[in-house]
Number of protein chains: 4
Amino acid sequence: MKKLRVGILGYGYWGPNLVRNLYKVSDCQVVAIADNDQRRLDAAVIAHPGLETSSDAQELLYRNDIDAIVVATPPSTHYLLASIALENGKHVLVEKPLSRSIDEAKSLIDMAKRYKLTLMVDHTFVYSGAVRMIRDIISSGELGDVWYVDAVRINLGLFQRDVNVIQDLGPHDFSILNYLIQSEPKTVSAVGIAPVEYGSGTPISLAYLTVRLANGVLAQFHLSWLSPVKIRRMLIGGSQKTLVYDHLDPDHQIKIYDKGLETITEGDRRRLLSERRIGDMYAPKVDQTEPLEQMCQHFVECALSGKTPLSDGVDGLKVVRLIDATIQSLDQGGAVIAL
Amino acid sequence: MKKLRVGILGYGYWGPNLVRNLYKVSDCQVVAIADNDQRRLDAAVIAHPGLETSSDAQELLYRNDIDAIVVATPPSTHYLLASIALENGKHVLVEKPLSRSIDEAKSLIDMAKRYKLTLMVDHTFVYSGAVRMIRDIISSGELGDVWYVDAVRINLGLFQRDVNVIQDLGPHDFSILNYLIQSEPKTVSAVGIAPVEYGSGTPISLAYLTVRLANGVLAQFHLSWLSPVKIRRMLIGGSQKTLVYDHLDPDHQIKIYDKGLETITEGDRRRLLSERRIGDMYAPKVDQTEPLEQMCQHFVECALSGKTPLSDGVDGLKVVRLIDATIQSLDQGGAVIAL
Amino acid sequence: MKKLRVGILGYGYWGPNLVRNLYKVSDCQVVAIADNDQRRLDAAVIAHPGLETSSDAQELLYRNDIDAIVVATPPSTHYLLASIALENGKHVLVEKPLSRSIDEAKSLIDMAKRYKLTLMVDHTFVYSGAVRMIRDIISSGELGDVWYVDAVRINLGLFQRDVNVIQDLGPHDFSILNYLIQSEPKTVSAVGIAPVEYGSGTPISLAYLTVRLANGVLAQFHLSWLSPVKIRRMLIGGSQKTLVYDHLDPDHQIKIYDKGLETITEGDRRRLLSERRIGDMYAPKVDQTEPLEQMCQHFVECALSGKTPLSDGVDGLKVVRLIDATIQSLDQGGAVIAL
Amino acid sequence: MKKLRVGILGYGYWGPNLVRNLYKVSDCQVVAIADNDQRRLDAAVIAHPGLETSSDAQELLYRNDIDAIVVATPPSTHYLLASIALENGKHVLVEKPLSRSIDEAKSLIDMAKRYKLTLMVDHTFVYSGAVRMIRDIISSGELGDVWYVDAVRINLGLFQRDVNVIQDLGPHDFSILNYLIQSEPKTVSAVGIAPVEYGSGTPISLAYLTVRLANGVLAQFHLSWLSPVKIRRMLIGGSQKTLVYDHLDPDHQIKIYDKGLETITEGDRRRLLSERRIGDMYAPKVDQTEPLEQMCQHFVECALSGKTPLSDGVDGLKVVRLIDATIQSLDQGGAVIAL
């Protein structure tokens with residue numbers, strides 16, 4: 001069978017992980033890599049002998065022996081590089097976020113459609129065993145109607161000048177939300193802080209985002225680079241059960257709790273307060289295969305077969321739209337933005 | 001020395017705890033208790049032989065041998081009972097919240113001032129060893145400038161028809177915030193859900209509240225009756241250190257983390273991601289004396305000496321004002337309310 | 001129906017808890033209490049108005065209007081007081097341990113048998129919802145064959161001169177073991193330390209005990225007053241599943257883990273090391289009724305009906321025998337003692 | 001400066017980690033690798049292009065352009081390969097355990113001494129930031145006199161036929177003990193179980209070991225392949241403070257607790273039981289550099305300079321001696337073995 005010949009743009013923070021995992025995909029041939037930093041190219045060749053390198057991304061975009069381009073460069077360059085790749089007939093996998101603006105995202109979707117090419121965004125988490133299992137659990141109706149999603153993604157550091165905490169961490173939770181709950185966002189609001197101690201250009205480093213979906217679900221996100229306690233936890237509350245997804249729990253990433261809720265009268269209150277309101281809890285075994293490997297496998301499969309990716313341009317656009325709306329709300333002091 | 005003679009109105013959920021702790025205060029004489037439920041009065045006498053009882057709160061309010069009244073009845077009755085007590089020259093301790101409306105709270109403050117009587121609200125947490133220690137730590141400057149306060153107070157159940165989750169759990173965090181950070185709230189916004197499965201009259205059971213203080217501090221509150229995971233945690237982030245207050249940690253309620261933050265360039269990012277950004281952590285020993293006992297002691301002391309209570313009417317008003325503003329915001333779909 | 005009239009000897013550390021719970025038992029009438037410390041008697045009357053008191057235990061032992069005696073005095077007095085009570089025709093509930101020596105325990109069992117009286121030991125934990133549920137789980141065969149029991153009961157402080165850590169904490173775990181696994185102990189060994197810094201008479205404050213049962217189960221106990229980390233945890237490993245009983249987990253005292261074990265060859269080893277070997281986990285809801293109340297209820301029921309108690313004299317003797325053997329082993333430098 | 005030219009024997013489970021880290025040492029040149037499995041050699045070359053390979057370990061042992069041999073083959077071959085290497089004038093780094101018998105270990109030590117060569121054992125943990133920091137803390141006297149060491153190293157699986165749990169996990173804790181506490185073991189005892197369900201040749205899979213040191217320290221080890229809960233924790237209790245080393249805590253591997261102990265009388269007992277006996281706790285930042293890299297660096301440095309390694313043959317012998325004694329004790333039903 002024909003292999004997908006891939007060129008990678010960017011070998012900075014995430015690029016090496018992408019290359020390493022693309023090498024594992026049997027139907028994929030990693031042809032060349034481009035980066036403007038020679039030391040990175042040297043590192044790439046040491047890790048992957050035989051890999052062709054170039055200091056110029058353009059060079060790869062026009063090669064006839066490359067079928068697909070992986071864009072792992074800074075966000076501001078995503079649109080330009082992806083659009084050239086599509087125009088040159090190449091399938092494209094873009095790092096999150098798909099683009100900086102809604103218009104750019106729409107334009108990329110149009111181009112991919114017109115040229116019948118695969119456009120996919122690396123929303124890694126939707127390829128994790130845990131998130132896929134959660135989707136199955138929700139679909140099975142085990143939780144009942146989902147009422148709310150509460151996501152906390154906080155930790156210390158990684159304080160960047162060129163991107164704020166919403167752009168950095170938000171795409172993870174937004175793409176998970178879109179994947180788990182099939183309903184359109186209706187309103188968004190956001191507040192945050194940008195610690196002035198770090199200078200006037202300091203970006204938002206802690207933010208709270210609220211998203212209302214069309215089906216009534218309330219989704220709340222706490223994103224922070226300022227927390228000494230590292231938390232990656234999502235509560236998904238339903239009318240029947242509540243699911244807790246703790247990405248950092250080495251043994252049990254998913255826990256499902258029986259509903260323990262009851263309406264009570266004041267008369268019962270004292271008695272009830274004295275006991276813990278808790279039912280059975282169940283922690284299923286979760287597939288621990290590396291999500292990035294699954295994602296790479298899926299991209300190659302979609303590009304070769306024409307199948308629509310799980311995280312296609314439309315999903316990428318949804319995430320860009322949410323980021324855009326949250327930043328509007330931030331600029332307006334937390335006002336509720338209708339989508 | 002003269003003892004403070006106290007009458008208690010209400011022996012429902014919290015009343016027994018108040019009576020038990022008032023008995024421990026040496027300068028306090030618990031004289032009588034009123035409740036309209038005879039079974040509760042019987043229980044009170046079994047627990048405290050010799051205690052006088054009455055089925056009519058009014059009776060206690062007019063007795064000359066009672067110096068102070070403790071109002072532990074439902075919130076809707078706080079104003080009426082407290083105002084009669086003050087008019088009859090009695091010091092008053094009111095359960096949280098002080099009243100249902102801002103006007104009522106102001107009126108009580110005025111009356112207490114006019115008659116030179118003690119008006120105090122039972123904001124229990126500000127009398128806990130942990131919260132007092134946190135105030136000292138902030139005052140000492142150890143955290144640097146405080147940037148944000150993130151409070152999570154969530155658990156299962158205790159789902160009530162007559163009060164929403166903000167009125168139930170909010171006063172705890174609002175009073176802690178007021179006590180710890182001496183700055184006025186400027187804006188408030190709130191969103192929440194009232195699970196329709198429980199009927200149309202179901203109150204808000206999960207809410208996110210955002211409060212901006214005049215000094216720039218961003219305070220966020222997650223209050224919920226819908227979480228199977230019980231959390232009582234507050235992060236207080238400063239320019240130098242961050243403090244984590246976990247009320248449920250049996251050993252270490254307070255942990256103080258050295259700042260591990262640095263501004264980084266994209267070039268450093270990969271290296272930094274591979275190591276945990278964490279400094280030293282320190283968990284001081286916290287005084288575990290029961291806060292309610294401290295609170296009762298403080299009320300008796302203030303009533304006898306004329307000292308201004310730590311949680312006086314003005315603090316009670318601040319909490320009422322915050323509750324009022326959050327409910328306004330909820331009614332307006334999460335709009336930002338200026339105070 | 002006739003009520004059981006009970007007299008209590010000793011109102012020190014545990015006595016108040018016993019009295020408080022005996023009051024809750026409807027078929028029980030708490031008649032009188034004896035203690036040689038007048039302040040304790042005063043405290044008893046304040047807590048329980050109408051309770052008769054005596055400074056002399058003997059007085060209660062000979063009263064005709066008392067049907068049963070609860071012995072909550074120091075261990076060295078258990079035998080004397082319980083034997084007089086039995087000789088005077090009274091049912092007896094004794095605090096753990098039943099007695100100081102094996103002979104004393106046997107003698108009490110003989111007397112109770114001869115006079116057809118109830119002799120019960122307060123092995124509180126076997127009346128807890130968690131331990132009863134664990135027994136049901138083991139009986140159901142869910143764990144398969146039980147291979148080992150690993151018990152850790154460690155915390156700081158409560159450093160006593162008159163009793164060592166084995167006598168203090170051991171009866172809890174020994175009685176749980178006897179209740180859960182129906183097999184006789186065959187050998188016992190023990191090592192421990194008695195920190196000399198506290199003086200020459202300092203008792204053993206940390207000990208490791210090993211018990212082999214006739215059915216091959218290996219039971220190991222870590223008991224300590226010297227640990228800053230408080231742990232109350234028991235692992236029960238079986239051929240099919242393993243159960244973890246964490247007494248201090250507020251939400252899930254019992255967790256049941258699927259077996260994840262497999263025999264592997266060296267060739268597989270590397271691959272297997274890279275993944276966590278974990279199966280599903282299940283945490284059933286545990287009855288949180290206070291064990292002491294259950295125990296009191298059970299004593300009254302047995303005394304009135306003649307039913308054999310769950311923790312009768314024979315169980316008390318088993319515990320005494322294990323304590324006796326461990327102390328022999330300690331004296332012999334950890335030698336294995338056959339029972 | 002001259003580089004140390006290294007040949008590696010064995011590329012199974014641990015070999016790849018050793019090779020990867022040796023490549024990071026600037027004074028080291030990794031020359032060749034030998035393994036009898038061609039697929040492993042292929043994997044080695046893919047990972048490290050240019051690396052010479054051989055299917056015969058002997059070949060490397062006689063090459064003149066190799067200065068040092070790393071023995072990462074199964075334990076039963078350690079002695080033979082290491083002794084040939086030493087006889088051929090090569091420095092030797094051996095995987096733990098050094099050898100299968102005490103005599104073999106002594107013989108290797110003698111040879112290294114005679115030929116003035118470096119003999120080092122890969123006791124990886126003594127090169128970790130945490131263990132080195134703990135040694136400094138103990139040396140500084142902060143803990144006071146050390147009374148006991150309690151080590152728990154338990155997890156699921158990795159159930160092997162050719163090595164028991166003591167040989168597999170014991171060397172880690174034994175080498176840490178030897179490194180932290182400078183005192184000779186005096187007695188050893190051990191019990192364990194070998195689940196018969198896995199066949200008659202099944203090795204000991206769970207064991208409890210007790211070691212008494214000459215200075216009175218009691219060291220206890222719980223080693224298990226049968227626990228669904230993964231624990232890597234060591235308590236080190238001293239007369240002044242207690243240190244908890246939790247290898248799996250991602251943020252705080254070391255916690256130091258103030259002493260909270262006091263001798264109490266029975267009269268105080270009740271009051272003391274009602275409060276947690278806990279002092280301040282402090283968690284210093286721990287160096288997270290990979291221990292294996294430190295170990296490789298140290299081996300190269302010692303081989304080039306003639307410095308005595310931190311984990312030399314004598315340390316390897318101590319560990320072998322402890323394993324030997326525990327197996328003797330196991331064979332004698334847990335008898336106390338004098339060393």
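**View 1. Helix 6 of chain C crosses helix 7 of chain C in the right-handed sense.** A crossing is called right-handed if the near helix is turned clockwise from the far one by less than a right angle, and left-handed if anticlockwise. This is a predicted model, in which local features need pLDDT of at least 70 and side-chain atom pairs count only at pLDDT 80 or more, while totals for chains, interfaces and linings use all residues. Residues are numbered from 1 along each chain as its sequence is written, and chains are lettered from A and ligands numbered from 1 in the order in which they are written. Helices (H or I, at least four residues) and strands (E, at least two) are DSSP runs, numbered from the N terminus. Axes are lines fitted to C-alpha atoms, for helices over the stretch in contact, and angles run from 0 to 180 degrees between N-to-C directions. From helix 6 of chain C, the residues C:Val131, C:Ile134, C:Arg135 and C:Ile138 meet C:Ile176, C:Tyr179 and C:Leu180 of helix 7 of chain C. Contact here asks for C-beta atoms, placed from the backbone, that lie within 7 Å. Sorted by class, this contact of helix 6 with helix 7 of chain C has six nonpolar, no polar and one charged residues. Ala, Val, Leu, Ile, Met, Phe, Trp, Tyr, Cys and Pro count as nonpolar, Asp, Glu, Lys and Arg as charged, and the others, Gly among them, as polar.

**View 2. In chain D, six strands line up in an open, parallel sheet.** Follow the strands in the order 3-2-1-4-5-6. Strand 3 (52-54) and strand 6 (119-122) of chain D stand at the edges with a single partner strand each, so one side of each has no neighbour in the sheet. From one strand to the next, the twist averages 25 degrees. Two strands pair if DSSP finds at least two bridges between them. Strand 4 (residues 68-71) and strand 5 (residues 91-95) of chain D have four bridges and pair in the parallel sense. Look for D:Ile69, which stands opposite D:Val92 in strand 5 of chain D.

**View 3. Strand 4 of chain B (residues 68-71) is covered on both faces.** B:Ala68 and B:Val70 on one side, and B:Ile69 and B:Val71 on the other, are all buried. Buried means that 20 or more other C-beta atoms lie within 10 Å of a residue's own, exposed means 12 or fewer, and partly exposed lies in between, with C-beta atoms placed from the backbone. Strand 1 (residues 4-9) of chain B runs parallel to strand 4 of chain B, joined to it by four bridges, and B:Gly7 stands opposite B:Ile69. Strand 5 (residues 91-95) of chain B also pairs with strand 4 of chain B in the parallel sense, over four bridges; here B:Leu93 is the bridge partner of B:Val70.

**View 4. C:Val92 is among the residues with the most contacts inside the largest nonpolar core.** Leaving out residues up to four places away in sequence, C:Val92 touches C:Ala68, C:Ile69, C:Val71, C:Ala82, C:Ala85, C:Leu86, C:Leu117 and C:Leu119.

**View 5. Two loops of chain B hold backbone features worth a look.** The peptide bond from B:Lys96 to B:Pro97 is cis, with omega near -5 degrees. B:Pro97 is in the loop between strand 5 and helix 5 (102-114) of chain B. Further along, B:Lys116 has a positive phi of about 55 degrees although it is not a glycine. This residue, B:Lys116, belongs to the loop between helix 5 and strand 6 (119-122) of chain B. B:Lys116 is exposed, with 8 other C-beta atoms within 10 Å.

**View 6. All 11 of the 11 residues in strand 7 of chain A (residues 146-156) are buried.** Strand 7 of chain A runs antiparallel to strand 12 (residues 226-238) of chain A, and nine bridges join them. Within this pairing, A:Arg153 has A:Arg232 as its bridge partner. With strand 11 (residues 218-224) of chain A, strand 7 of chain A pairs in the parallel sense over seven bridges, and A:Leu218 is the bridge partner of A:Tyr148.

Definitions and conventions. Contact = placed C-beta atoms within 7 Å. Core = buried A, V, L, I, M, F, W, Y, C linked by C-beta atoms within 7 Å.
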